Amino acid sequence: MTTELAVQPNFIAFEDDRAQRYVDAGLWRGRSIPAAFDEWVDAHGHRRAVIDDGSEITYTELESRVRTTAAGFAERGIAPGDRVVVQLPNTTAFVVVLFALLECGAVPVLTLPAHRAREIVHLAALSEATAYVTTDVDGGFDHRELARDVVAAVPTVTTVIIDGDAAEFTPLADVRATERTFDRADSRDVAVLLVSGGTTGLPKLIPRTHNDYEYNARASAEVCALTADDVYLAVLPAAHNFPLACPGILGTLGAGAAVVMTRDPSPEHAFGLIEKHGITVTALVPSLTHLWCEATEWETANLSTLRLLQVGGAKLTPEVAKLVQPTLGCTLQQVFGMAEGLLNYTRLTDPDELRITTQGRPLSEFDEVRIVDEHGHDVAAGTVGELLTRGPYTINGYYSAAEHNRTAITADGFYRSGDQVRMLETGHLIVTGRIKDVITRGGENVAADTLEDLLLTHPAVSRVAVIGIPDRDLGESVCAVIVARGAPPTLADLRSFLLDSGCARNTLPDRTVSRPSLPMTAVGKIDKNALIADVGSRS
Ligand code: OOB
């Protein structure tokens, strides 16, 4: 039986017996995140907590800003249990707003700066949010315009708070009141709603509880051996699970270390920050990793403090993985994670081979992992199948998604990741693709990732995405979108290369197009929807 807490009927809580096991094992501490935050401040008050381009504050200063802002939120009608959409770039304000909302008992809905009206309106409506906290202008985009759309479309949103020039809305700087005490949330209740990272359809809401998310951050900090002397650079958008809690901002603050927030992930800017602040750890997606490795050829900043680079979000090729240590001079850690929960990390002491060729192994000994075939049966050891998982920090269902949860979660509570993986004897996983990334060409299934892996070994192919384009005769035709090294290869060239590599004739691409770059989602995954729309519209 799953329990549904009264306050949040749209959320499926952990079953009592599993919850008890996690408490007994010492994984869950039965503390809300704000209660944990108080402990961090008590332990590390005088140390640097958050640094951004304009400011540097200690744990005590952060606490004071969090408390006055929390009181300000309450004064403006934000009540315990209210959902509040947060869309802020990587600045100190993000951290203050996050902890202030948690402090006053509200549930932040953590959206990405790149989300636009389509996503924000959907997420605000789905969560029945009462408020929207955003910035004035970011990356040339006016979020106040977006706020007007949200208010017009979602009647529950009655409060808009803007960091910066607020126009007709409330300036964040005015959201402050005398500190007061708030009741602590139940540690088994929802702390934050994350946004799913899929590249198809509208995002879903992922309810993460106080217990599970605090554990997620703390256990991740342990795997990365974070200490109070570390300095973590938040480069990826802070609302994403990876820079937020793997170990990210939460894990870093839990360790008493400092977080540096930046909106600019370019090597020119980020390398300067590494030198200036003595950054020791950061997290990137594979595309940025490649760029940073290349940039060491011309950038001159001293990167010697950097000890650990975490890479995840999409598959890192062994070719790029091999560049990390020699160019950036730090240990590579691959992270295969999902906002829904399960995190896999290569360990700092793993041999190079495992760190370069695998996506890591589960964070917790309480993570249950199954690899199954299309009938849901466990595959033979070492064979590829779909990854299913259940554990101390994996959701039991999406928020307010009863229908979708029927297929997303198995009857015994395993989350179906949709990721295709195989497991080595060491327990490390290799991600081989997405189960749904299959093109149905004339009734035959063509696995996009198999073709992509082979095409990447062609000397003229730098990056590639294989997509299905609607086709009157075949149902779907296979298109290889190539970012070329030098002159783009011809279709005939690619087809004979694939035939020589052992591909079946009926799975070969029907066409190829070349592009200067591939479109990416907000967090560095190849945006196949955008590519299909792009290529489809020009055919
Ligand atoms: C992270 O989280 P999401 O929710 O944005 O995306 C999850 C999906 C996974 O299901 C998988 O398909 C893909 O992104 N993915 C990877 C990967 N890491 C994530 N695919 C291949 N190799 C990897 N290393 O992306 C995320 C959350 C926490 C930590 C790191 C990444």
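Domain bounds here come from an automatic or database domain assignment. This is a predicted model, in which local features need pLDDT of at least 70 and side-chain atom pairs count only at pLDDT 80 or more, while totals for chains, interfaces and linings use all residues. Residues are numbered from 1 along each chain as its sequence is written, and side-chain values use heavy atoms, with hydrogens and water left out.

The assignment divides the chain into domain 1 (16-420) and domain 2 (438-537). Their C-alpha centres lie 32 Å apart. Contact (heavy atoms within 4.5 Å) joins 14 residues of domain 1 to 12 residues of domain 2. Between them the two domains bury about 940 Å², 61% of it on carbon and sulfur atoms; this is the accessible area (1.4 Å probe) that two parts lose on being put together, summed over both.

Now take helix H1, residues 16-24. Helices (H or I, at least four residues) and strands (E, at least two) are DSSP runs, numbered from the N terminus. Arg18, Ala19 and Tyr22 are the buried residues of H1, where buried means under 20% relative accessible area and exposed over 50%, with partly exposed in between (1.4 Å probe, protein chains only). Seen down the axis of H1, these buried residues fall within an arc of 100 degrees, so they line one face of the helix; the arc is that of the directions from the helix axis to the C-beta atoms. Strand E19 (368-372) and strand E20 (385-390) are among what covers them. Asp17 and Asp24, on the other side of H1, are exposed. After H1 comes Gly26, with a positive phi near 80 degrees.
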